[in-house]
Amino acid sequence: MLKAILFDAYGTLISTGDGSVRAAGEILALNRRTDIEPAAFYGRWKKLHRQHIDSRAAFLTEEEVFLLDLCQLYREYGLTRDACQDVKVMLDTLGHRTAFPEAGAVLRELGKDYIVAIGSTTDTAPLLMDLERNGLEVPYIFTSESIKAYKPERVFYEKILHSLRLLPSEALFVGDSLNDDVLGPQSVGIKACWVNRKGAAAGEVRPDFEVRELGGIFWVLEKWMGPF
């Protein structure tokens with residue numbers, strides 16, 4: 001029996017917008033490097049971020065990973081300013097993001113019948129800021145910082161299940177990342193609903209359910225559980 005809906009945060013409940021690309025542009029402007037496209041710079045940053053998370057020897061907070069990323073970017077692009085100072089430009093974008101319009105109503109409705117939780121790759125403080133400024137109330141919040149692990153590591157999902165006293169069959173994970181929010185939960189037996197806002201192809205990944213926006217979850221529940 002389904003008891004809990006576990007949500008990813010960023011890209012699922014809360015839009016990441018273009019703040020990160022704008023922050024990359026500001027960092028490049030500080031370095032007087034108009035020859036580098038901010039989108040390309042940030043694209044490289046995202047790849048390094050994933051690599052540093054996956055290859056770390058011990059747990060690092062996202063703030064620590066952001067600095068590690070920028071230090072390497074400065075070496076790669078020959079930028080000479082202090083990365084320890086400039087990383088604050090990117091960090092200042094965190095906690096200032098906007099929820100998708102339907103997020104609040106969906107969370108409130110689901111909260112009437114299910115345990116609702118967030119499981120997100122993020123430090124805790126900026127997520128709490130984003131939830132508060134958007135008026136999103138979620139009773140259970142798990143972050144990479146609080147769990148000391150990152151998606152899609154099995155332990156990330158296992159610790160959430162343990163904390164909520166759930167069996168894998170009693171939870172549904174909802175998120176926009178095929179790797180973190182579909183393959184990761186499925187690796188421990190949790191069914192996954194892919195929020196595919198852009199209509200992308202899933203490739204070889206097979207989500208249990210797929211919706212275009214959060215309201216589609218009610219269709220998923222009706223299909224799984226019967227009329228909602």
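Reply: Asp54 and Arg50 form a salt bridge in which the closest N and O atoms are 3.1 Å apart; the term stands for a side-chain nitrogen of Lys or Arg within 4 Å of a carboxyl oxygen of Asp or Glu. The model is a predicted one, in which local features need pLDDT of at least 70 and side-chain atom pairs count only at pLDDT 80 or more, whereas totals for chains, interfaces and linings use all residues. Residues are numbered from 1 along each chain as its sequence is written, and side-chain values use heavy atoms, with hydrogens and water left out.

Asp54 and Arg50 are four residues apart in helix H2, so about one helical turn separates them; helices here are DSSP runs of H or I with at least four residues, strands are runs of E with at least two, and both are numbered from the N terminus. An α-helix has 3.6 residues a turn, so residues three or four places apart point the same way. Asp54 is exposed, with a relative accessible area of 53%, while Arg50, at 27%, counts as partly exposed; buried means under 20%, exposed over 50% and partly exposed in between, with a 1.4 Å probe and protein chains only.

Arg50 also forms a salt bridge with Asp180, where the closest N and O atoms are 3.3 Å apart. This pair links distant parts of the chain, since Arg50 belongs to helix H2 and Asp180 to helix H9, 130 residues apart. Asp180 has a relative accessibility of 11% and therefore counts as buried.

Asp8, Lys151 and Asp181 are linked in a network of salt bridges. Leaving aside residues up to four places away in sequence, Asp181 touches Asp8, Lys151, Phe173, Gly175, Asp176 and Ala192, where contact means heavy atoms within 4.5 Å.

A further pair is made by Arg197 and Glu102, whose closest N and O atoms are 3.2 Å apart. Arg197 lies in the loop between E7 and strand E8 (209–211) and Glu102 in the loop between strand E3 (98–99) and helix H5 (103–110), so the pair ties together parts that are 95 residues apart in sequence. Arg197 counts as partly exposed at 24% relative accessibility, and Glu102 as buried at 19%. The pairs described here are among the 13 salt bridges that the structure holds.
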